[in-house]
Amino acid sequence: MPSSMKNIQSKNQFIATILAFAVIPMSGLATDIYLPSMPSMATELHQPESSIQLTLSLFLISYGLTQFFAGSVVDSFGRFRVSAISLVLFVVSFLITALTKDMMVIYAMRVLQGILSGFAVVSKRAFFVDVYEGEKRKHYLSIMTIVWSVGPIVAPFIGGYLQKLFGWQSNFYVLAGYSFVLLILELLFSGETLKIKKPFQINYVMKEYNLMFRTKDFFYGMLMCGVSYAMVIFFNLCGSFIIEHKMGYSEVVAGYVSLILGFAWMTGGFLGKALIKRAFLPKIRYANFIQIFLVVLMIFCSFFLNNMYSLVAFAFAIHVTAGFIFNNYFAYCIGRFPNSAGVAGGLTGGVAFILTSAISYGIVAIIRPEIQLEVAEGYFVLGVLGFIILSISKLRKAHI
């Protein structure tokens, strides 16, 4: 294994960069590709909806927890080794998921896949920092953010057709095949980019986390990230069941709906970047007010309009506001500690994904949404949670 990227820079650096971009969306692909298949999984495996929904929540929790320490691991053991091992285990775990009928085995594999996604994504983020500098680094990191957001957008669209043609297992066979191709290409063209290995020091990381947790604006920022992303996952958990089982549409239609809502999230992110110079807290509050207004309007309209088009239209608008708030707060939290950006990013991602999975699964379990009005009620809970966090937080003045 090459000890430095310099050994392959002239020949393989471009291919290795493309490979890094190909690995980055893995977390989104693994969470969203089987969303249209959830109703069929429940039927074929003789499980209630909540048992299938738990597979997504377990993935997100393990993905979030892994981000707490993944940065320190790849700093200690190297990016290439961690990435290659992750891809090997991806292939095995996706194949096991496709072949088993045991829910406990599927749960175990989803936890493992969440952990592997955390390591793979963090190692490839570090790749760009290792290999590029200055404006080029900024350029590639900005592309990386866009590429990461593409995964959740295209995955359910592909998954809808896979489900219709081949059944739910095909999603995991495709993921296994994708991981296998990436593994072969990684072994052929990629290599180690870490120049200086750091000892794995848990005490240092815990000290940093302690400081960050005690920093109020950062703490509330992490909470807002979790609540904002929970709006998306809340719909992901119940949307396909409502569209397929209650409204009678096909899994392909459910895939298209996820595709449209993925664009809503991306639109919110682009709006966040476009308004980056506006005063921070006022624009977040406006977005939250618009969000709550849209949810109240959705509740009111649910008594007159209750079809797929109205459901998707309201969800689209609400997801734009959620994407806007998430993008702004995530950028704020990472930039809050510029000397510890890796640790801050890991902590923000970790807390956000754990909070997201817990809140979204909890709301779905309590409300059990089957119609538009009940979806609106779930959104209302999340919108009010955001309002409460904004009300009690005292954010330092910042223009990010």
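Is the crossing of α13 and α16 left-handed or right-handed? It's left-handed, that is, the near helix is turned anticlockwise from the far one by less than a right angle. This is a predicted model, where local features need pLDDT of at least 70, side-chain atom pairs count only at pLDDT 80 or more, and totals for chains, interfaces and linings use all residues. Residues are numbered from 1 along each chain as its sequence is written, and side-chain values use heavy atoms, with hydrogens and water left out.

**View 1. Helices α13 and α16 pack together.** Here α13 (residues 280–301) meets α16 (residues 372–392) at about 155 degrees, axes 9 Å apart. That makes the pair roughly antiparallel (over 145 degrees on a 0 to 180 scale). Helices are DSSP runs of H or I, at least four residues, numbered from the N terminus. Residues in contact (heavy atoms within 4.5 Å) include Phe289 and Ile292 of α13 and Tyr379 and Phe380 of α16. By type, the contact residues split into 16 nonpolar, five polar and one charged, with Tyr and Cys counted as nonpolar, Gly as polar and Arg as charged.

**View 2. Serine 240 sits in helix α11 (residues 216–246).** At 7% relative accessibility, serine 240 is buried (under 20%, using a 1.4 Å probe and protein chains only). A polar atom of its side chain lies 3.1 Å from the backbone oxygen of leucine 35. Beyond four places in sequence, serine 240 also touches other residues, among them Pro36, Met38 and His245.

**View 3. Leucine 182 belongs to helix α9 (residues 169–189).** Leucine 182 is buried too, at 4%.

Key. Helix = DSSP H or I, 4+ residues; strand = E, 2+ residues; numbered from the N terminus. Parallel < 35°, antiparallel > 145°, perpendicular 65-115°, else oblique. Buried < 20%, exposed > 50% of the residue type's maximum accessible area, 1.4 Å probe, protein only. Polar contact = N/O pair within 3.5 Å; in protein donor to acceptor, adjacent residues only side chain to side chain.
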